[in-house]
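User: I would like to learn how to read a protein model step by step. Could you guide me through its features, with the general idea before each case?

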Amino acid sequence: MIDKLKVINFLQDFGCAKLNQLQILYNDENNNFKNVLNGNIVSKKGDIFVHNTKKINDKMLIALDILCKYKNRLVKFYQGYEPVFITFLTKDNLMYHIIVADEENQKGIVKIINSYPISLPKADRLILSFPNGEQLENIECEIPFLYSTYPRLEVLNE
């Protein structure tokens, strides 16, 4: 049984998460996490759990999808400050930043990435997710990065 308070604290930090993301991150594929809905702290909209002090953030949901792909390599993870949605450390002692852009801010995100390390906290790798592949050729970053498009999280570079 998963500690209800841990899940509530997770949702308070990250704001929202899909049921399947909670199942992956807490390693419990049969749990429906309904126990966190008691007490008006967390509500559920469709398959998305939302802390009552937050709103559903589509970019955070994309970042959590990416984090779930790295579940088996995670040591720890925490919420970053925009444009970094999540920072995580792997078993290989590599620090990753997950950055998600949308149509409105993708050019600004590219500027920030290209000015690394001045504008972002230090990381060993970046995982970038954009709505399409248009910005890939505009990125000139000193550190290795993975460029993906959402919603299917298709990787466009190796």
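User: Which residues have the most contacts inside the largest nonpolar core, and how many residues does that core have?

Analyst: Please note that this is a predicted model. As a general idea, nonpolar side chains in soluble globular proteins tend to be buried together. Here, the largest nonpolar core has 34 residues, and F10, L64, I86 and I98 have the most contacts inside it. At least two core residues come from each of α1 (4-14), α2 (19-25), α3, β5 and β6. The largest share, seven residues, is supplied by α3.

User: With which residues is F10 in contact, leaving aside its neighbours within four places in sequence?

Analyst: F10 is in contact with G15, A17, L22, L25, Y26, L64 and F77. Among these partners is L64, which is itself one of the core residues with the most contacts. There is also a second, separate core of 17 residues, and L120, L128, C141 and I143 are included in it.

User: Let us turn to the sheets. In what order do the strands of the six-stranded sheet stand?

Analyst: In general, the strands of a sheet pair through backbone hydrogen bonds, either parallel or antiparallel. In this model, the open sheet of six strands has the order β4-β5-β6-β7-β8-β9, and its pairing is mixed. The edges are taken by β4 (74-79) and β9 (154-155), each with a single partner strand, so one side of each is left without a neighbour in the sheet.

User: How many bridges join β8 to β9?

Analyst: Two bridges join strand β8 (residues 145-149) to β9, and these strands run antiparallel. T149 stands opposite E154 in β9.

User: Which strands of this sheet do helices α1 and α4 touch?

Analyst: Helix α1 lies across β4 and β5, running at about 50° to β4. Helix α4 packs on the sheet and touches β6 and β7, with its direction at about 170° to that of β7.

User: Which residues of α4 are buried, and which are exposed?

Analyst: The buried residues of helix α4 (residues 106-114) are Q106, I109, V110 and I113. Seen down the helix axis, these buried residues fall within an arc of 100°, so they line one face of α4. K107 and K111, on the other side of α4, are exposed. The buried residues pack against β6 (95-100) and β7 (125-130).

User: Why is β6 described as largely enclosed by the rest of the structure?

Analyst: Five of the six residues of β6 are buried, so the strand is largely enclosed.

User: Is S129 buried or exposed, and which residues does it touch?

Analyst: S129 belongs to strand β7. The residue is buried, with a relative accessible area of 0%. Not counting residues up to four places away in sequence, S129 touches I62, I66, I99, V100, A101, S148, T149, Y150 and L153.

User: What separates the C-alpha atoms of L74 and L89?

Analyst: These C-alpha atoms are separated by 6.1 Å, although the two residues are 15 residues apart along the chain. L74 lies in strand β4 and is buried, with a relative accessible area of 14%. Its contacts, leaving aside neighbours within four places in sequence, are L25, L67, F88, L89 and K91.

User: Finally, in what order do the three strands of the other open sheet stand?

Analyst: The order is β1-β3-β2, with antiparallel pairing. The edge strands, β1 (16-18) and β2 (42-45), each pair on one side only. From one strand to the next, the twist averages 25°. Helix α3 (residues 58-69) packs on this sheet and touches β1 and β3, its direction making about 55° with that of β1. Four bridges join β2 to β3 (residues 48-51), and S43 has V50 in β3 as its bridge partner.

Notes. Residues are numbered from 1 along each chain as its sequence is written. This is a predicted model: local features need pLDDT of at least 70, side-chain atom pairs count only at pLDDT 80 or more; totals for chains, interfaces and linings use all residues. Side-chain values use heavy atoms; hydrogens and water are left out. Two strands pair if DSSP finds at least two bridges between them. Axes are lines fitted to C-alpha atoms, for helices over the stretch in contact, and angles run from 0 to 180 degrees between N-to-C directions. Contact means heavy atoms within 4.5 Å. Buried means under 20% relative accessible area, exposed over 50%, partly exposed in between (1.4 Å probe, protein chains only). The arc is that of the directions from the helix axis to the C-beta atoms. A nonpolar core is a set of buried Ala, Val, Leu, Ile, Met, Phe, Trp, Tyr and Cys residues joined through side-chain atoms within 4.5 Å.
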